[in-house]
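This report is meant for a reader who is meeting the structure for the first time.

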Amino acid sequence: MPFDESSTPRVRIQPQPFDVAQEIAALQAGDPRVGAVCTFVGTVRDRNAPGAAGSVQTLELEHYPGMTEKSIEAMVDAAFVRFDILGARVVHRVGVLLPTDGVVLVAVTSAHRGQSFQACEFLMDYLKTQAPFWKKEQTPDGAHWVDARVSDDEALARWGIEARNA
């Protein structure tokens, strides 16, 4: 049976946990060209600064349905232009999450590992800075919205993309 790339959704936003093995299997299913799969799973930390263990009790993520998916789809398109990849998938959770919960999965397939690694990192740098998510941390001192980090903007800049967070 020939591989049908269009049968695998590239971007999903959801409140429920994702199954990494299931997502990888669906992404690479039946594609004999795949020689490499690179994945990144981001999890909720219990701190927002070094040495501040336990300072984050929950992380709440909000988004605009439709707009978020469209924005991430555009960056997946850009990854296909920049890198020699065969498939890509982004699953991002929304809602209230606890420390250690998986919040984002980026998976990329290619014929060789280098392109998968680069495309995966490219997509994560974009997601951290440009994807339209709003994050609120609940701490012992109350809730506050999370600002973009300068280090994340610098990571995006190395791909020649100017951060819009300044």
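Which pattern does the chain follow when read along the sequence? In this predicted model, the pattern is β-α-β-β-α-β-β-β-α-β-β-α, and the chain has four helices and eight strands.

As for the chain as a whole, 42% of its 166 residues count as buried, while the chain exposes about 9000 Å², of which carbon and sulfur atoms supply 53%. Among the contacts with a separation of 6 or more, 74% are accounted for by residues 24 or more positions apart.

Strands of a sheet pair through backbone hydrogen bonds, and they do so either parallel or antiparallel. Four strands form an open sheet here, in the order β1-β4-β6-β2 and with mixed pairing. Because β1 and β2 stand at the edges and each has a single partner strand, one side of each is left without a neighbour in the sheet. Direction ignored, neighbouring strands of this sheet are turned by 10° against each other on average.

| Strand | Residues |
|---|---|
| β1 | 11-14 |
| β2 | 36-43 |
| β4 | 85-93 |
| β6 | 102-110 |

The strands β2 and β6 run antiparallel and are joined by eight bridges; within this part of the sheet, G42 stands opposite V104 in β6.

A helix accompanies the other part of the sheet: α2, made of residues 67-82, lies across β1 and β4, and runs at about 155° to β4.

Key: Residues numbered from 1 in each chain as written. Predicted model: local features only at pLDDT ≥ 70, side-chain atom pairs only at ≥ 80, totals over all residues. Heavy atoms only, no water. Helix = DSSP H or I, 4+ residues; strand = E, 2+ residues; numbered from the N terminus. Buried < 20%, exposed > 50% of the residue type's maximum accessible area, 1.4 Å probe, protein only. Contact = heavy atoms within 4.5 Å. Areas by Shrake-Rupley, 256 points an atom, 1.4 Å probe, with all protein chains shown as cover. Pairing = 2+ DSSP bridges. Axes fitted to C-alpha atoms, helices over the stretch in contact; angles between N-to-C directions.
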